[in-house]
Amino acid sequence: MTEDDQSTDEAQFDYIYHLRLDHLLSTMRQVTPHPEEHLFVTVHHVLELWFKQIIFDLERIIALLDADDLAQATWLMGRIAEILKLAEAHWTVLETMSAADFAEFRGQLTGASGMQSRQFRQVEVMIGLHETAGDDYVRRTERLWPGLIGAHPRTLRGAFFEAFARHDATLLDVYRDRWRRHDLFRLAETAFEIDRRFQSWRQNHILMVRRQIGIRAKGTGGTYFRDYLATTTGYVFFPELFEFRNELTADAGGEVMAADD
Ligand code: HEM
């Protein structure tokens, strides 16, 4: 009998079987003899697992928003924000591998870079980054992952703004009337939180990169900071959620400079 045939009422159904730990743990494979590579691989594995969970939940969230189940959608979006917070905490663990240790084995990782994470790009696309990040982002994503954008015609951004339209609500109205329009207010705050956490993850990845290889070093993916990672810091999923806050401030008598066109 194969492992897949095993039914849940058998004695063998246990922790190891349920979690398929034999499969999961056997994926650790160092390509260098350096002991610090173990941590490097573990952190990548863990983040990829979290990306998988985020993708799984994003699909549910988009369907829930389309069904106008704002409460459940918001609850699950809160989970994504928490996962992103946790994801960011991995940088300080990775930083216990010193730059000197990393330098001793990174030369053997030629070509392998987090930039090639398909799941990371899928998360961005499912939230809707290609709708806001500009033509270069779309071109690059289509070149590296043909069909990825087309496979996700429905984004979290799209579902979010359609929910607002369905309820005949603008962001400004909802924030002003937040205790009576609490569902939409919570939805918007949670979307903001996902955006903010994602930006924080990017910024702190960059700080970690500066610490591990230096700001002028070429990445194993072949890019210089100035030419690639620096261009990603302005990426925002919901620029509208950042922008309308200026109006709130201006309406309350605050001084706000004109928007750049
Ligand atoms: C010592 C550790 C690390 C260093 C020095 C590093 C360095 C870099 C560099 C230089 C890039 C730009 C592309 C390139 O030329 O390679 C990059 C991109 C990226 N890295 Fe890392 N990285 C590290 C760890 C990680 C880990 C653990 C993850 C987890 C999945 C990760 C995820 C990513 C992602 C997703 C990108 C693409 C970002 C984007 O396109 O916006 N990195 N990394």
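1. Helices here (H or I, at least four residues) and strands (E, at least two) are DSSP runs, numbered from the N terminus. Just after α11 comes G253, with a positive phi of about 95 degrees.

2. A word on what you're looking at: this is a predicted model, where local features need pLDDT of at least 70 and side-chain atom pairs count only at pLDDT 80 or more, while totals for chains, interfaces and linings use all residues. Residues are numbered from 1 along each chain as its sequence is written, and side-chain values use heavy atoms, with hydrogens and water left out.

3. Now the overall layout. The protein chain has 11 helices and zero strands, so its elements, read from the N terminus on, go α-α-α-α-α-α-α-α-α-α-α. Along its principal axes, the C-alpha trace spans about 60 × 55 × 35 Å.

4. Just after α3, D68 has a positive phi of about 60 degrees.

5. Next, α3 against helix α8 (residues 156-166). Their axes come within 9 Å and cross at roughly 20 degrees; axes are lines fitted to C-alpha atoms, for helices over the stretch in contact, and angles run from 0 to 180 degrees between N-to-C directions. That makes α3 roughly parallel to α8 (angles under 35 degrees count as roughly parallel, over 145 as roughly antiparallel, 65 to 115 as roughly perpendicular and the rest as oblique). α3 passes α8 in a left-handed crossing, meaning the near helix is turned anticlockwise from the far one by less than a right angle; clockwise would be right-handed.

6. Who touches whom there? From α3 come L58, I61, I62, L65 and D66, which meet L156, A159, F160 and R166 of α8 (contact means heavy atoms within 4.5 Å). By class, this contact of α3 with α8 has seven nonpolar, no polar and two charged residues. For the classes, Ala, Val, Leu, Ile, Met, Phe, Trp, Tyr, Cys and Pro count as nonpolar, Asp, Glu, Lys and Arg as charged, and the others, Gly among them, as polar.

7. On to helix α10, with helix α4 (residues 70-94) as its partner. The axes of α4 and α10 come within 9 Å and cross at roughly 15 degrees, and the two are therefore roughly parallel to each other. Their crossing is left-handed. By class, the contact of α4 with α10 has 15 nonpolar, seven polar and six charged residues.

8. Helix α6 (residues 118-127) also packs with α10 (residues 182-212), at an angle of about 150 degrees and with axes 13 Å apart. α6 and α10 are therefore roughly antiparallel to each other. F120, V123, E124 and I127 of α6 make the contact with I194, F198, W201 and R202 of α10.

9. H205 sits in helix α10, and its NE2 is the only protein donor of the ligand's iron atom, at 2.2 Å. Donors are N, O and S atoms within 2.8 Å of the metal (3.2 Å for Na, K and Ca); water is not among the atoms, so sites may look incomplete.
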